[in-house]
Amino acid sequence: MSYAWITTLALHLLPILMIWRTWESDWNAALEKVVRVQIIGSLLYIVVYPIVDVLTWPDFHMGYISIDTVVSMWYGEGIWNSYKILTAAVVTAVCAAIRRKVKPQ
(Lines give C-alpha, C1' and ligand atoms only; values in the text may rest on other atoms or scores of the structure.)
Protein backbone atom coordinates (compact mmCIF):
# COMPACT_ATOMS: atom_id res chain seq x y z
CA MET A 1 0.00 0.00 0.00
CA SER A 2 1.44 3.36 -0.97
CA TYR A 3 1.59 6.39 1.25
CA ALA A 4 -0.88 8.20 -0.99
CA TRP A 5 -3.58 5.61 -0.22
CA ILE A 6 -2.81 5.85 3.49
CA THR A 7 -3.27 9.63 3.30
CA THR A 8 -6.59 9.22 1.48
CA LEU A 9 -7.74 6.59 3.97
CA ALA A 10 -6.88 8.90 6.88
CA LEU A 11 -8.96 11.67 5.29
CA HIS A 12 -11.95 9.35 5.03
CA LEU A 13 -11.57 7.91 8.54
CA LEU A 14 -11.31 11.34 10.15
CA PRO A 15 -15.10 11.84 10.51
CA ILE A 16 -15.49 8.42 12.12
CA LEU A 17 -12.75 9.27 14.61
CA MET A 18 -14.38 12.60 15.39
CA ILE A 19 -17.82 11.04 15.89
CA TRP A 20 -16.23 8.67 18.39
CA ARG A 21 -14.39 11.54 20.15
CA THR A 22 -17.52 13.72 20.39
CA TRP A 23 -19.95 10.95 21.33
CA GLU A 24 -20.70 12.41 24.77
CA SER A 25 -21.19 15.96 23.46
CA ASP A 26 -24.57 17.34 22.50
CA TRP A 27 -25.52 17.17 18.81
CA ASN A 28 -24.81 20.80 17.86
CA ALA A 29 -21.38 20.92 19.50
CA ALA A 30 -20.44 17.54 18.07
CA LEU A 31 -21.50 18.49 14.55
CA GLU A 32 -19.55 21.75 14.74
CA LYS A 33 -16.38 19.93 15.84
CA VAL A 34 -16.72 17.18 13.23
CA VAL A 35 -17.21 19.65 10.38
CA ARG A 36 -14.41 21.94 11.59
CA VAL A 37 -11.93 19.07 11.84
CA GLN A 38 -12.97 17.73 8.42
CA ILE A 39 -12.41 21.14 6.84
CA ILE A 40 -8.96 21.42 8.44
CA GLY A 41 -8.18 17.84 7.38
CA SER A 42 -9.22 18.57 3.80
CA LEU A 43 -7.04 21.69 3.67
CA LEU A 44 -4.10 19.69 4.97
CA TYR A 45 -4.86 16.97 2.43
CA ILE A 46 -4.64 19.50 -0.39
CA VAL A 47 -1.03 20.23 0.60
CA VAL A 48 0.13 16.86 1.94
CA TYR A 49 -1.28 14.51 -0.71
CA PRO A 50 0.83 15.81 -3.63
CA ILE A 51 4.00 15.65 -1.54
CA VAL A 52 3.24 12.11 -0.40
CA ASP A 53 2.38 11.09 -3.96
CA VAL A 54 5.73 12.42 -5.23
CA LEU A 55 7.51 10.27 -2.63
CA THR A 56 6.23 7.16 -4.40
CA TRP A 57 7.76 8.06 -7.77
CA PRO A 58 10.55 5.62 -8.73
CA ASP A 59 12.93 8.41 -9.80
CA PHE A 60 12.19 10.61 -6.77
CA HIS A 61 14.61 13.28 -5.65
CA MET A 62 14.09 16.27 -3.34
CA GLY A 63 13.93 18.69 -6.28
CA TYR A 64 10.45 17.39 -7.06
CA ILE A 65 8.99 18.75 -3.82
CA SER A 66 8.01 22.34 -4.53
CA ILE A 67 4.99 24.62 -4.70
CA ASP A 68 4.72 23.80 -8.42
CA THR A 69 4.32 20.12 -7.59
CA VAL A 70 1.58 20.82 -5.06
CA VAL A 71 -0.30 23.09 -7.46
CA SER A 72 0.14 20.82 -10.50
CA MET A 73 -1.57 17.92 -8.70
CA TRP A 74 -4.83 19.88 -8.52
CA TYR A 75 -5.48 20.83 -12.17
CA GLY A 76 -5.69 18.92 -15.44
CA GLU A 77 -5.91 15.20 -14.76
CA GLY A 78 -5.22 15.90 -11.10
CA ILE A 79 -8.74 17.27 -10.78
CA TRP A 80 -9.75 13.68 -9.99
CA ASN A 81 -8.01 14.19 -6.66
CA SER A 82 -10.76 16.68 -5.80
CA TYR A 83 -13.26 13.82 -5.87
CA LYS A 84 -11.44 12.29 -2.91
CA ILE A 85 -12.20 15.42 -0.89
CA LEU A 86 -15.80 15.32 -2.11
CA THR A 87 -16.20 11.67 -1.07
CA ALA A 88 -14.72 12.52 2.33
CA ALA A 89 -17.41 15.21 2.70
CA VAL A 90 -20.06 12.61 1.84
CA VAL A 91 -18.60 10.25 4.47
CA THR A 92 -18.78 13.10 6.98
CA ALA A 93 -22.44 13.76 6.16
CA VAL A 94 -23.33 10.07 6.42
CA CYS A 95 -21.50 9.71 9.76
CA ALA A 96 -23.24 12.81 11.12
CA ALA A 97 -26.64 11.50 10.00
CA ILE A 98 -26.01 8.12 11.59
CA ARG A 99 -24.89 9.75 14.83
CA ARG A 100 -28.00 11.93 14.88
CA LYS A 101 -30.24 8.86 14.40
CA VAL A 102 -28.45 6.78 17.02
CA LYS A 103 -27.92 9.51 19.62
CA PRO A 104 -30.20 12.46 18.88
CA GLN A 105 -29.68 14.50 22.06
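The largest nonpolar core in this predicted model has 8 residues: A4, L11, Y45, Y49, M73, W74, I85 and A88. As background, nonpolar side chains in soluble globular proteins tend to be buried together.

**α1 against α4**

- The axes of α1 and α4 sit 9 Å apart, and the two helices pack at an angle of about 20°.
- Angles under 35 degrees count as roughly parallel, so that's the label for α1 and α4.
- As for handedness, α1 and α4 make a right-handed crossing.
- On the α1 side, the contact uses T8, L11, H12, P15, I16 and I19.
- Facing them from α4 are K84, I85, T87, A88, V91, T92, C95, A96 and R99.
- Sorted by class, this α1–α4 contact comes out at 9 nonpolar, 4 polar and 2 charged residues.

**α2 against α4**

- With α2 and α4, the axes come within 11 Å and cross at roughly 165°.
- Over 145 degrees counts as roughly antiparallel, so α2 and α4 get that description.
- The α2–α4 crossing is right-handed.
- From α2, the residues making the contact are W27, A30, L31, V34, Q38, S42, Y45, I46 and Y49.
- α4 answers with N81, K84, I85, A88, T92, A96, R99 and R100.

- A88 belongs to the core, and it turns up in the α4 lists for the contact with α1 and the contact with α2.
- Set aside sequence neighbours within four places, and A88 is in contact with L11, H12, P15 and Q38.
- T7 is found in helix α1.
- Is T7 buried or exposed? The cut-off for buried is under 20% relative accessible area, and T7 has 16%, so T7 is buried.
- Not counting residues up to four places away in sequence, T7 touches Y45, V48, Y49 and V52.
- Two of those partners of T7, Y45 and Y49, are also core residues, and both are listed on the α2 side of the contact with α4.

Methods
Residues numbered from 1 in each chain as written. Predicted model: local features only at pLDDT ≥ 70, side-chain atom pairs only at ≥ 80, totals over all residues. Heavy atoms only, no water. Core = buried A, V, L, I, M, F, W, Y, C linked by side-chain atoms within 4.5 Å. Buried < 20%, exposed > 50% of the residue type's maximum accessible area, 1.4 Å probe, protein only. Contact = heavy atoms within 4.5 Å. Axes fitted to C-alpha atoms, helices over the stretch in contact; angles between N-to-C directions. Helix = DSSP H or I, 4+ residues; strand = E, 2+ residues; numbered from the N terminus. Parallel < 35°, antiparallel > 145°, perpendicular 65-115°, else oblique. Left-handed = near helix turned anticlockwise from the far one by under 90°. Nonpolar A, V, L, I, M, F, W, Y, C, P; charged D, E, K, R; others polar.
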